[in-house]
Amino acid sequence: MEIVTASPDETEALAARLAERLSPGDVVTISGELGAGKTTFVRGAARALGVTGPVSSPTFTIGHRYEAPTPVAHLDLYRIVELDPEEWGDLEPYFDGTVAFVEWPEHGGDWLPEARAVVTLEHVDESHRSVRIDSDLGL
Ligand SMILES: Nc1ncnc2c1ncn2[C@@H]1O[C@H](COP(=O)(O)OP(=O)(O)O)[C@@H](O)[C@H]1O
Ligand SMILES: [Mg+2]
């Protein structure tokens, strides 16, 4: 599916609809340039899964893990050039028992588990983003 959202709230609401269909073990990749709304999308999904605290980009670490009713992981591979086995060893625990959201999955090479949903965001204008979701989840 592909729709255009007109605000961050709309992007979060769409992410929440996807989140309702996800279970632990599922991986969602979110692609798009800086400012496209990747973290906004993850925030909406994390809220829907029961995360109550702030959801912000993991800037100084590679990932966050939230212990919510459905545990959520949020990874940002922006600063990874290409994942090597040692780095993958550090990342793997984030996927254990979580619904995992990965920004900049392109930097993960072949190491990432197969995605249950692939999200692609694009700027339309200042307040609009096109959001494409490829999945077998009926969205
Ligand atoms: N329709 C929209 N959907 C998502 N974000 C939007 C939208 N319109 C404006 N924005 C703004 O774009 C920015 C997206 O930032 P962020 O989610 O951190 O992007 P990324 O993680 O892709 O760098 C935020 O400042 C947000 O308020
Ligand atoms: Mg981000």
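Which of the 18 residues around ligand 1 come nearest? In this predicted model, local features need pLDDT of at least 70 and side-chain atom pairs count only at pLDDT 80 or more, whereas totals for chains, interfaces and linings use all residues. Residues are numbered from 1 along each chain as its sequence is written, and chains are lettered from A and ligands numbered from 1 in the order in which they are written.

The residues that come nearest to ligand 1 are T11, G37, K38, T39 and T40; a residue is taken as near a molecule or strand if its C-beta atom, placed from the backbone, lies within 6 Å of it. Helix 1 (8-19) and helix 2 (38-48) each contribute at least two residues to this shell. Helices (H or I, at least four residues) and strands (E, at least two) are DSSP runs, numbered from the N terminus. Sorted by class, the shell holds four nonpolar, eleven polar and three charged residues, where Ala, Val, Leu, Ile, Met, Phe, Trp, Tyr, Cys and Pro count as nonpolar, Asp, Glu, Lys and Arg as charged, and the others, Gly among them, as polar.

Turning to the sheet, seven strands make up an open arrangement in the order 1-7-6-2-5-4-3, with mixed pairing; two strands pair if DSSP finds at least two bridges between them. Strand 1 (2-5) and strand 3 (63-66) are at the edges with a single partner strand each, so one side of each has no neighbour in the sheet. From one strand to the next, the twist averages 15°. Strand 3 pairs with strand 4 in the antiparallel sense over four bridges, and G63 stands opposite L75 in strand 4. Strand 2 pairs in the parallel sense with strand 5 over four bridges, V27 standing opposite A100 in strand 5. Strand 2 also pairs in the parallel sense with strand 6, again over four bridges, and here I30 is opposite V119.

How many residues of helix 2 are buried? Ten of its eleven residues are, so helix 2 is largely enclosed by the rest of the structure; buried denotes 20 or more other C-beta atoms within 10 Å of a residue's own, exposed 12 or fewer, and partly exposed in between, with C-beta atoms placed from the backbone. Among the buried residues are K38, T39 and T40. The cover over the buried residues of helix 2 includes helix 1, strand 2 and strand 5. Helix 2 lies across strands including strand 5, to which it runs at about 170°; axes are lines fitted to C-alpha atoms, for helices over the stretch in contact, and angles run from 0 to 180 degrees between N-to-C directions. Just after helix 2, G50 adopts a positive phi of about 105°.

The largest nonpolar core has 34 residues, and A45 and A100 have the most contacts inside it; such a core is a set of buried Ala, Val, Leu, Ile, Met, Phe, Trp, Tyr and Cys residues joined through C-beta atoms within 7 Å. Helix 2 gives the most to this core, five residues. Beyond its neighbours within four places in sequence, A100 is in contact (C-beta atoms, placed from the backbone, within 7 Å) with V27, A73, L75, Y94 and F95.

By contrast, V124, in the loop between strand 6 and strand 7, counts as exposed, with 11 C-beta neighbours inside 10 Å. The C-alpha atoms of V124 and V4 are separated by 8.1 Å, although these residues are 120 residues apart along the chain.

Key
Two residues are in contact if their C-beta atoms, placed from the backbone, lie within 7 Å.
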